[in-house]
Amino acid sequence: MSPFVELMQAAALIMLLFAAVLMGVVLRNAENRDLKVRLGPVVIGLSLILFAVPIYAAVLGSVTFDRYSSLARGAAAILLPVGLYLLVPLRSAMPGRSDAQTHEEAREHHDD
Amino acid sequence: MTDLGTAEHVLIALMGTSLILLSHILGRRGVFRFPTAVTLAFSGVLALVWQAPTLVDIPENLQLPFEVSELLFFAAISIALTLYALEVFVDQARSLARASETLARQAAELARAGAVRQMAAIVQSSNDAIFGRDVDKRVLNWNPAAEALFGYTEEEMVGTTSDMLVPDDLIEESHEINAAALEGRPTQNLETIRRKKDGTLVDVSLTVSAIRDGTGNVIGTSVIARDITEQKRVDELRRLALLDELTGLNNRRGFMLLAEHQATLVKREQKDMALLFIDLNNLKTINDSFGHKEGDRAIADTAAVLRQTFRESDILARVGGDEFCVLLSGDKRLDVDTPLGRLNTNVELHNAQGTRPYRLSLSVGRAMYDPSEPVGIEDLMRQADMLMYQAKHAKQNRPRVLVGDDDVAIRSDAEKLFADNYEIITAQNGEEVIRRATLERPDLILLDFSLPDLIGTDVARRLRQAPSTNPIPIIMMSANGDGSNELEALRSGADDYIKKPIDSDAVRVRMDNLMRRVIRR
């Protein structure tokens, strides 16, 4: 593997973890009681870890995770969109958002 | 890279498709919505690109290297998630700001409601009657003080017109006040009268102003009514304590208060001040002859003459039964002679009206206040009083001559010619001559032969018949030169006879001789 690709791989993984942590922090502060919304970041984080672990293992030269690699990626491929989908209610349940604003947003949705 | 199974490839491809679909759902609004949606959709496309060579046949030259497409997918999904997180963060911050704004607004509304409640509590607990009316004067609200003042309960008043509180003769005034308030001209502290429920009247101080709505339109009037009965009573007591009831002038206490204050001002500003002590002559005689009611009238007349004579700024007072004080102040070299001359003229004008059976006569003493050597008002009064008595005695020691003539020129000539040595009293008809001779007992009478009501000889006879006027020497004056009048005059009791036009020196000698003879007798 070329050094450039390896560098890119490392950068992508760092970004992936950064994104996972950021999502976690931001959504934790959202204080939204909706279970689905609270589960969303967990699922996304889990999917990102499932994606990242086999890659890390490969980068480090480990073969321990090779057997589970396909399973992990397949699970991650399912969990990532599910996690994102779970976050959809978050948009209409932010604190301080009045009904009128929600309606306004609904109208905006409709216009779009 | 790890070899992937078919299921894994399919799942990742499906994930890519899902991401493209989710990009539409998630990235709806916010600052980062468009970049998020694009990046998410792009990550979906990359996921498909990543898995495409394993699922479909793609020419070698169109394939992206496996590692590159995998990495691009991870980079894209990382960026998409980061952007999404940022969007959530920004949205959250904005929502928090909105929430804080809403809270601030609610707090302000609560504070406003609190202020309104507080104001309502103040109105409710006020000692002043406060009520609001619409433009038709129908009462909208009514506080407990209004209930206490007027006797009507809130239930009785709300919805009814407030005109029932206004006495019939003041309805017009009430309409005018209301109209002015509706036009934006408030009425402040107007002292007037209102009617209670039991029909009794109460003195109130009214303040009426417009009530406006949020847009500034007048929607009614507010009325604040204060019961001033007690205040009026106190004012009246104070007035009685400082004013003389008969004349309306200051009494001694009021005069002292004002004069002391004036003296302080004069001293500070180095101005001149004069105190006149004025005594109404013969008050005892008036009381004895015509009764005390007429004596009171004489005092009131004197007060009226003083008011007419002196300026508003001068302090006038009745300090005793027939004693008055006037405090004049002004610039340096205060002119006192002019007002004294005016006083004499006004007294004469009053006497000329002939509305009273006696003539007003005043004795005046004046004392000047020297700001460089200030003395107390009491001292000044004592000084003026002493001078007044001197003047009075000088006047009393002069022989008094009653001039009875219907010709005003003769009367005024006599006053001019003889005023230096004699006190001249005048009368314009026979009856007046008799009345004044009886009342004032002059030392000599200069009597015209022909008077409008009685001829001089009849007057002389009647004077001789009355014991009180019998000793008074009479000199008859006539323009007739044939001698018949002279004889008739002497027969009627006249002591001497002179012809007009009179020679003042000759008359003076004759008068002195006659009076000396009477005194000797």
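Visitor: In what sense do β6(B) and strand β9 (residues 362–369) of chain B pair?

Guide: Two strands pair if DSSP finds at least two bridges between them. Here β6(B) and β9(B) pair in the antiparallel sense, over eight bridges. Strands are DSSP runs of E with at least two residues, helices are runs of H or I with at least four, and both are numbered from the N terminus. In this predicted model, local features need pLDDT of at least 70 and side-chain atom pairs count only at pLDDT 80 or more, while totals for chains, interfaces and linings use all residues. Residues are numbered from 1 along each chain as its sequence is written, and chains are lettered from A and ligands numbered from 1 in the order written.

Visitor: Which residue is the bridge partner of B:Leu276 in β9(B)?

Guide: B:Arg366. β6(B) also runs antiparallel to strand β8 (residues 323–330) of chain B, joined by eight bridges. There, B:Phe277 stands opposite B:Cys325. In a regular strand, side chains alternate between the two faces of the sheet.

Visitor: How many residues of strand β6 (residues 272–280) of chain B are buried?

Guide: Buried means 20 or more other C-beta atoms within 10 Å of the residue's own, exposed means 12 or fewer, and partly exposed lies in between, with C-beta atoms placed from the backbone. Eight of the nine residues of β6(B) are buried, so the strand is largely enclosed by the rest of the structure. Across the 521 residues of chain B, 34% count as buried.

Visitor: What is the strand order in the open sheet of five strands in chain B?

Guide: The order is β11-β10-β12-β13-β14, with parallel pairing. β11 (423–427) and β14 (496–499) of chain B are the edge strands; each has a single partner, so one side of each lacks a neighbour in the sheet. From one strand to the next, the twist averages 20°. Look at one pair: β10 (residues 400–404) and β12 (residues 444–448) of chain B are parallel over four bridges. Within that pair, B:Val403 has B:Leu446 as its bridge partner.

Visitor: At what angle do helix α2 (residues 35–60) and helix α3 (residues 66–86) of chain A pack?

Guide: Axes are lines fitted to C-alpha atoms, for helices over the stretch in contact, and angles run from 0 to 180 degrees between N-to-C directions. Angles under 35 degrees count as roughly parallel, over 145 as roughly antiparallel, 65 to 115 as roughly perpendicular and the rest as oblique. α2(A) and α3(A) pack at about 155°, with axes 7 Å apart. That makes the two helices roughly antiparallel. Now take helix α10 (residues 292–309) and helix α11 (residues 337–353) of chain B: their axes come within 9 Å and cross at roughly 135°. α10(B) and α11(B) are therefore oblique.

Visitor: Which residues in α10(B) meet α11(B)?

Guide: Contact means C-beta atoms, placed from the backbone, within 7 Å. B:Asp301, B:Val305, B:Gln308 and B:Thr309 meet α11(B) residues, among them B:Pro339 and B:His350.

Visitor: Where is B:Asn282, and what is its phi?

Guide: Most residues other than glycine have a negative phi, and most peptide bonds are trans. B:Asn282 has a positive phi, near 65°. B:Asn282 sits in the loop between β6 and α9 (283–290) of chain B. With 18 C-beta neighbours inside 10 Å, B:Asn282 counts as partly exposed. B:Lys137, not a glycine either, has a positive phi of about 65°. Its place is the loop between β1 (129–134) and β2 (139–142) of chain B.

Visitor: Which peptide bond is cis?

Guide: The bond from B:Lys500 to B:Pro501, with omega near -5°. B:Pro501 lies in the loop between β14 and α17 (504–520) of chain B.

Technical notes: Two residues are in contact if their C-beta atoms, placed from the backbone, lie within 7 Å.
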